[in-house]
Amino acid sequence: MASNPKSNDDGPLLLDSSGGLSTDESVSREMLIDLIFDDPSVKAHLRDAAKKQASSLVDQAHFLTFCKSEIERRISTPALAPAGQAQLARLYGYIENTNQVLNRFNKATKPNPDAMFWPDPTRGGPVLGDVLPIAREQPFIERSTKIGSAGSCFAVEIARFLMGHGFNYLAPETSFDPETGVIMMGTSRINPEIQFSCRWGILFNTPSFTQIVENAFGVHALPEILIAHTEGEEQFYIDPYREGIAFPSPAAYRAERDRHLANTRDVFTQADVFVITLGLNEAWRFIPDGTYISRNPRNPALTGFLDHRTLTVQENVDYLQRFIDVVRAHNPGLKLIVTVSPVPFMATGRADEYHVVTANTHSKAVLRVAAQEIVERNRDVYYFPSYEVVTVCSPDIWTEDQRHIHGDAVARVMKTFAEMFMTRGAKKLMKLAAR
């Protein structure tokens, strides 16, 4: 649509505060005509008509009104109507874009006027520790909304928050299955808990999310691999695709597996909303078929079958898009909330070149960009700023290990989640329950 602007021999093109030209009004009109319209006859007509009415075309607003009037007059002639309609549409598009530019920094047009400028307490703004970084609320979660979640260890906080406040959290599996003895390591057989909707274990990388749904819905089966593991006097088996899940025997693995896949399908077909927390950008690929395990190969039995990858933004976007496509083939109305875990690396596999601090920053940046890309290209996919709440908008960030999140910061994340996604009624019931 745009063309090269014409130069002015008398000097640079000067715009005044109203949007008109203070050097040569005719240059302004020529530029606008070439910029907006692509029909030669319409352009020629506007140039001729503008010369005759030049004294009244004092700024862009008057000139655009003039163009609209002239094109509407041409539309009244049947032979000129088709071209005129197309040019009128281009004019409206230009005006809409111009208004967007004019309002880009207009606080009055924003859902949250305080979202535009960085908080500056020296100019009367709030301190960062009081800021919830929400530009626009998306209140679609009721107490009855069916919600599922998966992801890194930080995702556990979301599940606990939702269940603790009486929301309809989908969890057909707990951390311990008494029928088969399958258990999430570090949890109790006597008091099993719910960390994710199913016993997927911790999911750190984007391929793992895709593999879960492809495996459950029969799109691409994961290899059935079990690694014998001994801890003290106890021997159990580990599935590298389900981090932290211990199977007492191969028979228990087989007995639990089919029910686990059925439960996975049920969660994704029944959920109204699903929350995924992206954790790491470094990943370990199983060389024989290109699948990814969820975590670094702590057991040497896998070492020769794996290589270390640092996933690109595009690879992460592609895996997330595949995840969405597979799930929505079975549940078209699912809303997806994507967030990035603020918990940093425990260790990097790139320490030959990068310190763990810089490797972690790169990892979070890549995941954050990938999350934004997937939000922009899909309907009903939303970014939740848990990473920003913790790392920027919380006074107390870390526990003593300088890696896990301080309880006050977790509480701020959950407050932000409620403010951003819950309806007024749901928030009111939460407050009543807290009394």
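Predicted model: local features only at pLDDT ≥ 70, side-chain atom pairs only at ≥ 80, totals over all residues.
Colleague: Why are helices α6 and α7 called roughly perpendicular to each other?

Modeller: Helix α6, residues 206–216, and helix α7, residues 250–270, pack at an angle of about 105°, and because angles of 65 to 115 degrees count as roughly perpendicular, the two helices are given that description. Their axes are 9 Å apart.

Colleague: Which residues make the contact between α6 and α7, and how do they divide into nonpolar, polar and charged?

Modeller: On the α6 side the contact is made by I212, V213, N215 and A216, and on the α7 side by R257, L261, T264, R265 and F268; these residues divide into 5 nonpolar, 2 polar and 2 charged.

Colleague: What makes β9 and β10 the edge strands?

Modeller: The open sheet has 3 strands in the order β9-β8-β10, with antiparallel pairing, and β9 (291–293) and β10 (306–310) are edge strands because each pairs on one side only.

Colleague: How do you know that β8 and β9 pair?

Modeller: Strand β8, residues 282–286, is joined to β9 by 3 bridges, and since pairing requires at least two bridges, the two strands count as paired. Within this antiparallel arrangement, R285 has Y292 of β9 as its bridge partner.

Colleague: Which residues touch the most other members of the largest nonpolar core?

Modeller: In this core of 47 residues they are W200, F268, F274, I276 and F323. Leaving aside neighbours within four places in sequence, F323 is in contact with F209, T210, V213, F268, F274, I276 and L336. A second, separate core has 32 residues, including I134, L162, V410 and F417.

Definitions and conventions:
Residues numbered from 1 in each chain as written. Heavy atoms only, no water. Axes fitted to C-alpha atoms, helices over the stretch in contact; angles between N-to-C directions. Helix = DSSP H or I, 4+ residues; strand = E, 2+ residues; numbered from the N terminus. Parallel < 35°, antiparallel > 145°, perpendicular 65-115°, else oblique. Contact = heavy atoms within 4.5 Å. Nonpolar A, V, L, I, M, F, W, Y, C, P; charged D, E, K, R; others polar. Core = buried A, V, L, I, M, F, W, Y, C linked by side-chain atoms within 4.5 Å. Buried < 20%, exposed > 50% of the residue type's maximum accessible area, 1.4 Å probe, protein only.
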